[in-house]
Amino acid sequence: MPVEIDIEHVARLARVALAEGEKTQLTAQLGQILEHAARVGEVAVADVEPTASAIPRVNVLRPDEPEPSLPVEEALFNAPEREGDRFKVPRIAEIE
Amino acid sequence: MTELCDRTASDLAPLLAGGEISAVQIAESCLARVDAVEERVRAFLTVTPDVARERAAALDEYRAIGAEQTPLAGIPLAVKDVFATQGIRTTAASKILDNYVPPFDATAWSRASGDGAVLMGKTNCDEFAMGSSNENSAFGPVHNPWNLDTVPGGSSGGSAAAVAAGEAIWALGSDTGGSVRQPAALCGVVGLKPTYGLISRYGLIAFASSLDTVGMFTRSVRDAGVLLGSLAGRDPRDATSLDAPRRDYTTSIEEGVAGLRVGVVADAFGEGVQPAVAGRVRAAVDTLERLGASIGEVSLPHAAYALSAYYLIAPSEASSNLARYDGVRYGFRAPGSTDSVEMMTATRGQGFGPEVKRRVMLGTYALSAGYYEAYYGQAQKVRTLVIRDYDEAFANYDLLVSPTSPTTAFRLGEKVDDPFAMYLNDVFTIPANLAGVPALSLPCGLDDEGLPVGVQLTAKVLDEPTLLRAGHALENALGFDPTSPVAREAVS
């Protein structure tokens, strides 16, 4: 059985605008992929630790030495929009 | 007469050192090949002839004054367009990074460049390295130099095709679930995915960070060892990079396979594997036995679940990694929005292609409240079981063998409408990424239509020397000619 998902909800969480046709197609495709992926649930794993990384490393620290940071002009070179030395974006807060 | 552009780096290096040829001649040979075939192959998103000529000329000058040079010096290298190259457009084959020019170099590229590599250009690939056919590139597909109507594999299809066509001597790729090995198999070249963390991921545009591995395409196993030697080793900029020293990976390459214990993976010749693929891989196993390896059969009982686990873990990590493409600091921004959330949502809706949306949505779902444990959590536990399978297998065997891909190159367009069928291409390559172990694909013959078949060798963590030594012995015994029809026609 294909898995049913709330496509509007997932698209909102993912911050991806979808056209109506995309929603229909993705609902069907994701349902089919998840049906197969859900097979991971068939394996009994109650006593198995999860693996996040195959070759885990812990407490990897670099020497705490100051280094030059990216110059402002280089950091802003690819900006879609800028104002002075800052990235410019549309408004981020509701206005009363 | 073989053109310079169709030779291996290991063949060219002594000719360069002896002054018989120049780096400029090699670069011009590759550039002439690009001119001759690129319109049909479309391996590159950006070709860098000026950079290549300037670098090659400088290297010839250094050599003339007696400066010592590495085995990479003067050898043309193609770089997958997921590696940041300072001052050179880097797109990940995505519309969302169409105009991105990185202010820094990826470590893998900067090490190769520091050793004298000559950059030919940035190669086409599936968008954000997500795909198995290169058809997910926002800039159009790559065509396989063995048959231009077929796919080169993916996601590093451009790098594989560039090497197969003689447009570069070797190339960098990235392998998250088979993205170096599968296109190597389909394009008849050698593809190496080293141990996870052996080569720094710094500057590699992230797809799934716990699986992403820098790898390479070459025309010989020895070349793969040479290139690995330049790129491997700890990088303070990648906390997951291993403490392995930079070393020469070719020192034991001539030692042969006598006494090696080789396990043939159960299901290697099972359902879904084309008869021609099974036949060539079986013949490669027989060759290993004739060369003195002992052959057995090995079971990886959880391999059947590896594909399912991968298609939860990789999209989950991708949905997190790709959150950075929000239209704020770099890349594409959708015009016309009046608030930032609307702008980000529209930017991602317009900037990402279908496969990237599919995976971001899949990962977002698998990580969302109420589903996390059943999907992502369970997949991580299956990952543990896959690793245990390898541990048990390597208790009895030095190497494992399987096909690299269940099929040879398929027709362009054949699988684009069925994402799940496309995912099945990676069934033999994915387990190595989940376990972090190194694996090598090398060509082992052609099918009835003249398309290459790849055999995959897998070794335990950091046992690249055994992998390369067995690959080299097998390659010599099989005598496969990696010159593709497109390369052959360009010469005649």
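**The core and its surroundings**

Tutor: The largest nonpolar core contains 185 residues, and B:Leu77, B:Trp170 and B:Ala171 are those with the most contacts inside it. This is a predicted model, in which local features need pLDDT of at least 70 and side-chain atom pairs count only at pLDDT 80 or more, while totals for chains, interfaces and linings use all residues. Residues are numbered from 1 along each chain as its sequence is written, and chains are lettered from A and ligands numbered from 1 in the order in which they are written.

A nonpolar core is a set of buried Ala, Val, Leu, Ile, Met, Phe, Trp, Tyr and Cys residues joined through C-beta atoms within 7 Å. A residue is buried if 20 or more other C-beta atoms, placed from the backbone, lie within 10 Å of its own, exposed if 12 or fewer do, and partly exposed in between. In soluble globular proteins, nonpolar side chains tend to be buried together.

Helix α9 of chain B, residues 303–321, gives the most to this core, with eleven residues. Helices (H or I, at least four residues) and strands (E, at least two) are DSSP runs, numbered from the N terminus. Leaving aside residues up to four places away in sequence, B:Leu77 touches several residues, among them B:Ala112, B:Val118, B:Trp170 and B:Ala171. Contact here requires C-beta atoms, placed from the backbone, within 7 Å.

An α-helix has 3.6 residues a turn, so residues three or four places apart point the same way. With 18 residues, α2(A) reaches 25 Å from its first C-alpha to its last, close to the 26 Å expected; the expected span is 1.5 Å times one less than the number of residues.

The contact between the chains takes 44 residues from chain A and 60 residues from chain B. On the side of chain A that touches chain B, α2(A) supplies the largest share, seven residues. That side divides into 29 nonpolar, seven polar and eight charged residues. Ala, Val, Leu, Ile, Met, Phe, Trp, Tyr, Cys and Pro count as nonpolar, Asp, Glu, Lys and Arg as charged, and the others, Gly among them, as polar.

Terms used
Contact = placed C-beta atoms within 7 Å.
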